[in-house]
Amino acid sequence: MKLWGGRFTKETNELVNSFNASISFDQKFYKEDIEGSIAHVTMLAKQGIITDSEKKSIISGLKSILEDITSGKLEIDNVHEDIHSFVEAHLTNRIGDAGKKLHTGRSRNDQVALDMKLYTRKEILEMDTLLKNLLKSLLSIMKENTETIMPGFTHLQKAQPVTLAHHIGAYFEMFKRDRSRLNDIYKRMNYCPLGSGALAGTTYPLDREYTASLLGFNGPTLNSMDSVSDRDYLIEFSSAMSIIMMHLSRFCEEITIWNSNEYQFIEIDDAYSTGSSIMPQKKNPDIAELVRGKTGRVYGTLMSLLTTMKGLSLAYNKDMQEDKEFVFDAIDTTKGCILLFNGMIDTMVFNKDNMRASAEGGFTNATDAADYLVNHGVPFRDAHGIIGKLVLYCIDNNKPLGKLSLDEYKAISPVFEEDIYNAISMETCTSKRNTTGAPGQEAMKEVISIYEKYLED
């Protein structure tokens, strides 16, 4: 069944039909299509455009279609052009001519805009829940590791000692911002396009405010041309998903490094690892690598949407049909990656001794040694040079700073005294840093409390 045809005298070429049809992918929001239709006919009856009897018949028919699709009794086929024509055809077959009144006062343009908004809105909430669960897992790791010392890096080189809690907290902040972005998108997109018609509204006395309220929107959209041609919210959502994937990818890169034989900071659970078909000793971090790889796939959705929309004049153009497959794939990919990633880190074991040994062996306490000299009256620039010479001496003699004798220290600067050893211990290096956002235990305790309240809200 086509929702158009009176103007045409010839059948559409079969290849054109296949090329034009969207039911193979837009069937994904059959629930949203029926939900929107129920709200629409409810409003039509309220406005006296259809009778209460017709409304009841249409709603009963729509609910029976929904029930049959959900149960598998009714299969969505490719005979129809899109999910809208599929639902309307089956409705008319079930309830007769009353079904033909379903489309009064609307166009497929505002109908598909509504369906996509309803679907996207639901998916944003589901993704937010997944991110919240991920944040709970991260917070659990943080609470258990406020004293777990590890090296912090810049340029992939050991820089200063931090704690595992502090390191994980950086990702907590990233995913917290991701939730904030999703929330912003939800607020901005939550206006109802239904009733905009093809582009110029309708002469029927619709109550768009009422329809919007039935569907949980903040109100109706205020320009009918923009209503049917707006895909900003999908571009924003794709951007937000790209950033989520970028954060996951960065974390996965570190997990891959930490899992390597050279670092051995972590042990990934067997359930989230794979082996080699030829090398029996291998235990590969495939989940981390796949999440990292799938990031490019989600980026592709964002670039595809931006490219599709960049040259489109107002109002609706068929190009916009291309929004769905890419976005559907990006949503499924991002949700799947968050879920698997969460499972991986939930079961991951941290090799705390290896982390500490790595921090001790990389001169991560050199900055604290310089601060020691500053606190004993040496100008910082001079202190920086003295510690640089000290590090060079350590490299030449294959010793860490903590293993030098006091005589060796004094040979480079007479300012050093016995208290240098306490000043550059790993515990001191981390615990003394208690400004807001630093790795010290007091600072981390405060941040963890903030995070707990955030997740409770």
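Which helices and strands each supply at least two residues of the lining of the largest pocket? I began my notebook there.

**Ground rules.** I am reading a predicted model, where local features need pLDDT of at least 70, side-chain atom pairs count only at pLDDT 80 or more, and totals for chains, interfaces and linings use all residues. I count residues from 1 along each chain as its sequence is written, and side-chain values use heavy atoms, with hydrogens and water left out.

**Pocket.** I looked up the volume of the largest pocket and found about 540 Å³. Its lining has 26 residues, and F153, V162, H166, H167 and A170 are the closest to the centre. My opening question has five answers: β1 (149-154), β2 (157-163), α7 (164-189), α10 (232-258) and α19 (441-456). Helix α7 gives the most, with seven residues. (Helices are DSSP runs of H or I, at least four residues; strands are runs of E, at least two; both are numbered from the N terminus.) (A pocket is an open set of points on a 1 Å grid over the protein atoms alone, where a 1.4 Å probe fits, with protein on both sides within 12 Å along at least five of seven lines; lining residues have an atom within 4 Å of a point.) (Volume is the space filled by probe spheres set on the points.)

**Backbone.** I checked H155, in the loop between β1 and β2. Its phi is near 55°, a positive value in a residue other than glycine. Is H155 buried or exposed? H155 is exposed because its relative accessible area is 74%. (Exposed is over 50%, buried under 20%, partly exposed in between, with a 1.4 Å probe and protein chains only.) I also noted F363, which is not a glycine but has a positive phi of about 55°. F363 sits in the loop between α13 (352-360) and α14 (366-375). Next I found a cis peptide bond between L314 and A315, with omega about 5°. A315 belongs to the loop between α11 (286-309) and α12 (323-346).

**Surface.** L314 came up again: with L199 and M225 it makes a nonpolar surface patch of about 270 Å². (Patch residues have over 30% relative accessible area and no salt bridge; nonpolar side chains are joined within 5 Å.) M225 is in helix α9 (residues 224-229). M225 is partly exposed, at 32% relative accessible area.

**Cysteines.** How many disulfides does the structure hold? I found zero. (A disulfide is a pair of cysteine sulfur atoms within 2.5 Å.) For C394, the nearest cysteine sulfur is that of C429, 14 Å away. C394 is buried, with a relative accessible area of 1%. C192 also counts as buried, at 1%.

Notes:
Patch = residues over 30% accessible without salt bridge, like charges linked within 9 Å, V, L, I, M, F, W, Y side chains within 5 Å. Areas by Shrake-Rupley, 256 points an atom, 1.4 Å probe, with all protein chains shown as cover. Salt bridge = Lys/Arg side-chain N within 4 Å of Asp/Glu carboxyl O.
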